Amino acid sequence: MQVVSLPARIGALAIRLRNSGLRAYVPYAAVGTVTCIVAILVAEIFVQAMQPPPVEVDPNDPLVIALLIDTSSSMEGEPIAEVRDASIRFLETWDRSNTHVAVIPFNTYASIVHPILAKEKPADPLIPELRRLEAAGGTAMLLGLQKAQEAFDSIDSSRNAVMLFTDGMPSRPGPTQRLATEMRGRGTVIVAIGSTGANYGYLEQLTGHSDNVFTTRLGDFASAFDRAAKVIAASSFGTATTSQGLTVVFVVSLFLAAAMLATENMWGLRGNWWRDMWWLPVAGGVAGYVGGLVGEYVLRLGIVTWGLVGLSCGAALGLTDLAGDQFTGLRSLLRIPPKSRRGAIFGLIGGLVGGIVFALFFRNVSLDSTGGELQALFSRLVGFAILGLAIGLAIKVGQELLKNTWLLGLSKGFYEGKQYILAKASVSVGRSGNNDINLNQETDIGDHVGHFELVQDTWHFVPASREAVGAVTVDRQAVADRVHLADGSSIRFGNTEFVFQSRENPGTVSQSERWALVGDDEEFELPMQDRILLGSDDACDIVIRDSSVDGRHAVLEFSGQDLKLTTLGGDFVSVNDVTLPRDGQSLKQGDFIMLGTVELGLVKLFDA
């Protein structure tokens, strides 16, 4: 009786996965997307729970606005001229019937340019003062905030707001942030507008919330002032806030690492979805938190923060290769598994891409008096969904692109289509959770049946004991001792069959063995002859009934350990999605050839 190691059903599965492009990566991208949405919702709950109690507010108190304007030397020229115009427009359009305004320019020094006042008629004395602003000196934002607090103290109102415009970092970022935190703790609303050169991450820490930060550039200052004014108008004064940006980073990192681990456990032959859940997500969360510190306070670039979150998640996921290893001293702790390196690189790329998209399209939200907070929350959800999708997809793509050797499940059922990437020199197999490959659904094998071993660039399977004989077969032969594995080798553990695939040591195609071309719905066994014609003509050795296939489309030719495919002029012939060269190409097991629109996989047949 003929037994097909990759029957038409399995061949169809493999071809569908190949034709689907990114479909094989959908679980990781979907998990990343959903997880980040859940994480940001949970983080919002945590942030709200950690806020100080509200400050008592008298709604009849006047609103006091401190307009802090960066007039450092970097603002010279067009920037200072445009910020003057935007500030004047703000004063002219704001309803100041119960509002006091203090204009506070800051550079190396800071000062209140005119006594604090409500709008006076017929002339507003603040406007001439704004027109006289010039750029020079440093960025003493701390002094500007101190002057703002003096202004608030002089009015003794419970409704205070700071509108800050800057194009850079303060000369003393630490004390500046501490003072801003104290002011928010007393119920002051801080809104920041950052032009080119400003650090969004730092401004988010300064204001206490990403919704209170607006980026702008030359030519758009007035629009940013309008959006900032809407935030102040819609603010609930007296609500004390503390910045919890790093809390969000930690929660997102923790959840993302946990979800990606569960996905890898289920799709990567690691057994139960909760395996290593007690420590690895925590490692990812802590690493993401450290990445947040580096991104926000060292590099001072928010986009880098999300890149480092992706890096930490990808690196943590690769640490699963350490789970089954024995501790051999400090060197084993310092060894970085290849999966961690790949995950870190592509996680970083995914985080940066997602962070850039988030920053460009979902950071700033225009709030109004109806539904503004919901709009802002929706924007964050969409932005973090894209961030999670980018990280999850990038990590999976990186592992797939850089893998060299892997095990792919073939038997219909639980393990069908699942794979384990062999990225270390010894990989154990068995039902027990102590194995790297945990086949806990396979009842006909022992707790430990053996291990894959890489010796001098050659892979072998080594059975654990004589008791394992019969439970494991390689190419339909019971394994009694170490056995060499080649690309395309069939490996069966109990009732579950896998195929061993390798890019480094591709298996040869010998004419003495039996081969077949397997398609989506049909299978063609190659006749045992030197030359095999492929086409739709009845005279061909393999007849493919499809309108896209020519009568005599291509030819296969055996020569010892080589099987070569050559076109006979038929439309579109390719191997593994690459157009076939004019002089043909040698094939190996697992190659996919395309004749017209028909795709066929080359597989080995076995007799039982």
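Student: Which residue stands opposite Gly-409 in E17?

Tutor: Gly-409 stands opposite Phe-498 in E17; strands here are DSSP E runs of at least two residues, helices are H or I runs of at least four, and both are numbered from the N terminus. This is a predicted model, in which local features need pLDDT of at least 70, side-chain atom pairs count only at pLDDT 80 or more, and totals for chains, interfaces and linings use all residues. Residues are numbered from 1 along each chain as its sequence is written, and side-chain values use heavy atoms, with hydrogens and water left out.

Student: And over how many bridges do E7 and E17 pair?

Tutor: Strand E7, residues 405–409, and strand E17, residues 496–502, are joined over 5 bridges in the antiparallel sense, where pairing requires that DSSP find at least two bridges between two strands.

Student: What sheet are they in, and what order do its strands take?

Tutor: They belong to an open sheet of 6 strands with antiparallel pairing, ordered E8-E7-E17-E16-E13-E14. Its edges are strand E8 (419–421) and strand E14 (477–478), each of which pairs on one side only.

Student: Moving on to E9, what does it pair with?

Tutor: E9 pairs with strand E11 (residues 450–455) in the antiparallel sense over 4 bridges, with His-451 in E11 as the bridge partner of Ser-428. E9 is also joined by 2 bridges to strand E10 (residues 437–438), this time running parallel, and there Val-429 stands opposite Ile-437.

Student: Is E9 mostly covered or uncovered?

Tutor: Strand E9, residues 426–430, is mostly covered, since 4 of its 5 residues are buried, a term that means under 20% relative accessible area, with exposed being over 50% and partly exposed in between, using a 1.4 Å probe and protein chains only.

Student: Is Cys-313 buried or exposed, and how does Cys-540 count?

Tutor: Cys-313 is buried, at a relative accessible area of 2%, and Cys-540 likewise counts as buried, at 7% relative accessibility.
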